[in-house]
Amino acid sequence: MTNRENYISIARRTGYDYMPVNFSMCPSLHEKYDAYIKEHDLKLPAGEGYISDLPATCAPREDFLKYYTGKTFKPGTYIDGWGVAHEPGSAAAYHMTYMHNPMADFDSVEQIEAYPMPVFHDEGLKTQIEQTKAHHAADRAVIGSMQCTIWETAWYMRGMENLMCDMMSEDPMATVLLDRVTDIAVQRAVSYTKAGADGLFLGDDIGMQHTIMMSEGLYNEWLKPRLKRVIDAARAVNPDIIIFYHSCGHVTELIPYLIEAGVDVLNPVQSECMDFKEIHDKFGYQLSFHGTIGTQTVMPFGTPEDVRRKVFENLDIAGKKGGLYVCPTHLLEPEVPVENVVAYIQACIDYNNK
């Protein structure tokens, strides 16, 4: 197989020649990793390539500040394109920030309708096509990434408790907000697909450590139909596009609904919240997986041998057909030893060669 064929075949559960690696690191760990790589010869198995999102015009900071009347922010606070303010914490927080919700005090549909969300420009498709061609020419599968697809983007603006209450009380504000965000997600998903992406990485956190974030009924009424609308729009352009979906936490009860919405690959199957073998035994004939190596347990606190053992164990569960991109379940934080990052990479290489 070519590298691109190998990557796609893992998702399709049609066998694979080698296991690509996939991981991301916080800035402080990245520095340690880069220093290690300079001193050691470590070649990573070929993976996927990502293409850029559509360019967007966002309201200026001054326009968003009026939604924070009476608030003062620490130096270093930035406001993103959706108007969400990100305030730095103490030194112990590293890169983590406190989010402030610009719609927190809204009490009418009219306010939601008038709020200045980003305007994405379809003219960016040309650049996406060029990037896709370059990745394909280099024998890489292409992914369009648009996590925080609907739910998270919406509650970041409105506030989680507020939006939950809006949904439970069937307040029209929830309908208007979620529909506006979904309309934008559809536009972006269609553009990625028109550009020739092999996969879309969608996602919204809908799980907590030991339970789902909302009832199955609430999810099916408010979020599943909108996720399905995004996926259907992409599949109208390319029926074969692979849909990855991210949600941290425990999502076992919601997996059947994700499958019904059109999800092909579930990320990250957080090992501290769900047992991969149980999930694979129950859903592995319908669904592939991405992740499974715990970033709350084995990656920060295990030994390199523990990491290696877990990589081999989970790949054995998935079997020769594939269906698992084995990788850490989330961003690798400062407490993760570089040696464990290297152990993960080497385990993938060695599993390929065993």
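Reader: Before we count anything, what makes a set of grid points a cavity?

Author: A cavity is a set of points where a 1.4 Å probe fits but cannot get out. This is a predicted model, and by that rule the count comes to 2 cavities of 30 Å³ or more.

Reader: What volume does the largest cavity have, and which residues line it?

Author: Its volume is about 50 Å³. The lining is made up of Ile150, Trp151, Asp204, Ile206, Tyr219, Leu223, Leu227 and Tyr245.

Reader: How do you know how that lining divides by class?

Author: Asp counts as charged, while Ile, Leu, Trp and Tyr count as nonpolar. The lining of the largest cavity therefore comes out as 7 nonpolar, no polar and 1 charged residues.

Reader: And the second largest cavity, what is its volume and what lines it?

Author: That one has a volume of about 40 Å³. Around it sit Tyr7, Pro20, Val21, Asn22, Glu48, His290, Tyr325 and Val326. By class, the lining has 5 nonpolar, 2 polar and 1 charged residues.

Reader: On to charges. Why is the contact between Arg158 and Asp166 called a salt bridge?

Author: The cut-off is a side-chain nitrogen of Lys or Arg within 4 Å of a carboxyl oxygen of Asp or Glu. Arg158 and Asp166 meet at 2.8 Å, N to O, so the pair qualifies. A search of the whole structure finds 12 salt bridges.

Reader: What makes Arg158 and Asp166 buried?

Author: Buried means under 20% relative accessible area. Arg158 has 5%, so Arg158 is buried. Asp166 has 6%, so Asp166 is buried too.

Reader: Why are Glu313 and Lys310 said to be separated by about one helical turn?

Author: Because Glu313 and Lys310 are 3 residues apart in helix α14 (residues 304–318). They form a salt bridge, the closest N and O atoms being 3.1 Å apart.

Terms used: Residues are numbered from 1 along each chain as its sequence is written. This is a predicted model: local features need pLDDT of at least 70, side-chain atom pairs count only at pLDDT 80 or more; totals for chains, interfaces and linings use all residues. Side-chain values use heavy atoms; hydrogens and water are left out. On a 1 Å grid over the protein atoms alone, a cavity is a set of points where a 1.4 Å probe fits but cannot get out, and a pocket is an open set with protein on both sides within 12 Å along at least five of seven lines; lining residues have an atom within 4 Å of a point. Grid points are joined across faces, edges and corners, and a volume is the space filled by probe spheres set on the points. Buried means under 20% relative accessible area, exposed over 50%, partly exposed in between (1.4 Å probe, protein chains only). Helices (H or I, at least four residues) and strands (E, at least two) are DSSP runs, numbered from the N terminus.
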